[in-house]
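User: Please examine the structure shown below and answer a series of questions about its packing, domains and ligand surroundings.

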Amino acid sequence: MTRPPSNPASTRRIVIVGAGFAGLATALHLGRLGAGSITLLEGASSLGAYASGRNAGLLLQCSGTRVWRRFFSVTRRYFENHPTTSFRATGSWQLGSRTLLEELQDAHVATSLRSGAECVRDLPILQGSDLDHALWTPSDGVVDPLDLLAHYADQVTSQGADIRLGQPATEIRRDRSERLVVVTPSSEVRADVVVNAAGAWARNLGLQAGGMDLPLRPLRRHLFSYDCPSNPGTPHQPYVWDQSRDFYLRPLADGQWMYCLCDEEPTTALDHALAPAIRERSRERRQREVPRLVSARETRAWACYRTKTPDGHPVLGWDPQCPGLFWVAGLGGGGMSASWELGRWAARILLEDPGSDIEPYLSAVEPQRFASPARGHGDAR
Ligand SMILES: Cc1cc2nc3c(=O)[nH]c(=O)nc-3n(C[C@H](O)[C@H](O)[C@H](O)COP(=O)(O)OP(=O)(O)OC[C@H]3O[C@@H](n4cnc5c(N)ncnc54)[C@H](O)[C@@H]3O)c2cc1C
């Protein structure tokens with residue numbers, strides 16, 4: 001591993017590129033730990049222009065690996081204790097075979113196995129859908145992603161960090177004294193540490209800085225909302241995630257439903273364009289999965305990127321090739337619900353003081369794990 005700068009942490013200048021959940025949560029914890037002066041450079045002119053502001057807002061605890069489950073449960077506790085995060089414990093239904101749902105259960109999260117019929121009684125919109133078994137998790141819930149971003153941003157600025165919007169990092173180079181310099185169209189910011197929290201752009205940014213070529217893959221996913229007056233959703237109802245057929249459905253505040261067909265396709269054009277024929281695909285899938293939603297009127301359709309690593313875990317740690325470059329990337333499909341705890345891990349690792357609770361997991365998240373031939377290619381999340 002490349003060692004971090006040798007000056008004391010409290011005097012360091014830290015520049016974080018990207019102010020999504022990765023960048024903001026890391027900044028928040030670095031600030032709490034007194035890690036020096038912090039500047040966030042965000043290329044977009046507002047917060048939440050990409051994955052962090054365009055996600056489904058679901059917090060699902062019984063999913064993913066042990067690492068993700070730790071992120072989710074600790075982050076959930078934080079949300080519950082901070083009303084301005086906008087968290088609401090609506091409960092969730094996961095659907096699938098009994099064996100699959102039993103595998104998802106977690107000793108640390110209260111759940112109960114129920115019949116598919118019980119789930120339909122709770123969510124009549126699922127009538128006509130072919131349901132097997134259901135897993136009820138009352139402590140799961142939902143968040144408004146933009147409210148959560150605003151919550152983090154408020155905390156970060158009140159700690160004294162500087163969030164600069166509309167400031168894309170166009171180059172990362174070194175000055176004569178080998179200090180990192182982050183260049184934007186209107187400024188040059190010198191830094192002891194640059195945190196790469198650039199989401200779908202993190203791989204390119206890392207390469208540009210002379211860092212490791214990390215296998216980060218942005219995968220496009222679409223979300224739809226539908227107005228269905230015959231079966232209006234209410235915001236206090238639970239959401240449902242069918243793990244066998246791969247779709248989820250979330251009731252929204254205005255009687256509408258959010259629907260996702262859990263698509264994920266690699267793409268190089270990191271824009272917000274919808275895939276051709278995605279509406280037809282959605283219609284076909286709803287016909288089979290949620291027939292009551294087939295004739296509902298579409299009110300919105302949008303797409304964004306979930307950036308994944310081959311083993312499904314995020315990348316948190318120092319770049320092995322570029323001194324001073326630190327990665328917080330590859331948050332996959334759980335970055336919002338993991339954000340608080342993931343940011344704490346990132347900050348502790350950056351400060352070289354992970355503590356006994358994080359230490360056992362360092363090798364599962366460090367960038368270095370991709371330096372040797374691929375290990376573990378399971379899709380953790
Ligand atoms: C459709 C969809 C649904 C999802 N649903 C859920 C869900 O229900 N629950 C959940 O927990 N997670 C969900 N996720 C995942 C979650 O949204 C992501 O894991 C998380 O937002 C990733 O955060 P990030 O900060 O890494 O990336 P981003 O939010 O993309 O932030 C990266 C930021 O870096 C900025 N940037 C990039 N390059 C530069 C540069 N050169 N200079 C300056 N700034 C730069 C970008 O503008 C961007 O704002 C979903 C994702 C998608 C796409």
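User: Which residues have the most contacts inside the largest nonpolar core?

Analyst: This is a predicted model, in which local features need pLDDT of at least 70, side-chain atom pairs count only at pLDDT 80 or more, and totals for chains, interfaces and linings use all residues. Residues are numbered from 1 along each chain as its sequence is written. A nonpolar core is a set of buried Ala, Val, Leu, Ile, Met, Phe, Trp, Tyr and Cys residues joined through C-beta atoms within 7 Å. The largest such core has 106 residues, and those with the most contacts inside it are V17, L24, V194 and V240.

User: Which helix gives the largest share of this core?

Analyst: Helices (H or I, at least four residues) and strands (E, at least two) are DSSP runs, numbered from the N terminus. The largest share of the core is nine residues, and it comes from residues 335-350, helix α8.

User: From which domains does this core draw at least three residues each?

Analyst: Domain bounds come from an automatic or database domain assignment. The core takes at least three residues from each of two domains: domain 1 (10-51 + 146-216 + 310-370) and domain 2 (92-138 + 217-308).

User: Leaving aside neighbours within four places in sequence, with which residues is V240 in contact?

Analyst: Two residues are in contact if their C-beta atoms, placed from the backbone, lie within 7 Å. With neighbours within four places in sequence left aside, the partners of V240 are W93, L95, C119, L123, L126, Y248 and L249.

User: How many charged residues are on the side of domain 1 that touches domain 2?

Analyst: In the contact between the domains, 14 residues of domain 1 meet eight residues of domain 2. By class, Ala, Val, Leu, Ile, Met, Phe, Trp, Tyr, Cys and Pro count as nonpolar, Asp, Glu, Lys and Arg as charged, and the others, Gly among them, as polar. The side of domain 1 that touches domain 2 has nine nonpolar and five polar residues, and the number of charged residues is none.

User: Which residues are closest to the ligand?

Analyst: A residue is near a molecule if its C-beta atom, placed from the backbone, lies within 6 Å of it. The shell around the ligand divides into 23 nonpolar, 13 polar and four charged residues, and it draws at least three residues from each of domain 1 and domain 2. Of the 40 residues that surround the ligand, the closest are G18, G20, S52, G199 and G335.

User: What is the phi of D246?

Analyst: Most residues other than glycine have a negative phi. D246 is found in the loop between β14 (239-242) and β15 (247-251), and it counts as partly exposed because it has 15 C-beta neighbours inside 10 Å. D246 is a residue other than glycine with a positive phi, near 65°.

User: What is the phi of C262?

Analyst: C262 is found in the loop between β16 (256-260) and β17 (265-266). Although C262 is not a glycine, its phi is positive, at about 50°.

How values were computed:
A residue is buried if 20 or more other C-beta atoms lie within 10 Å of its own, exposed if 12 or fewer, and partly exposed in between; C-beta atoms are placed from the backbone.
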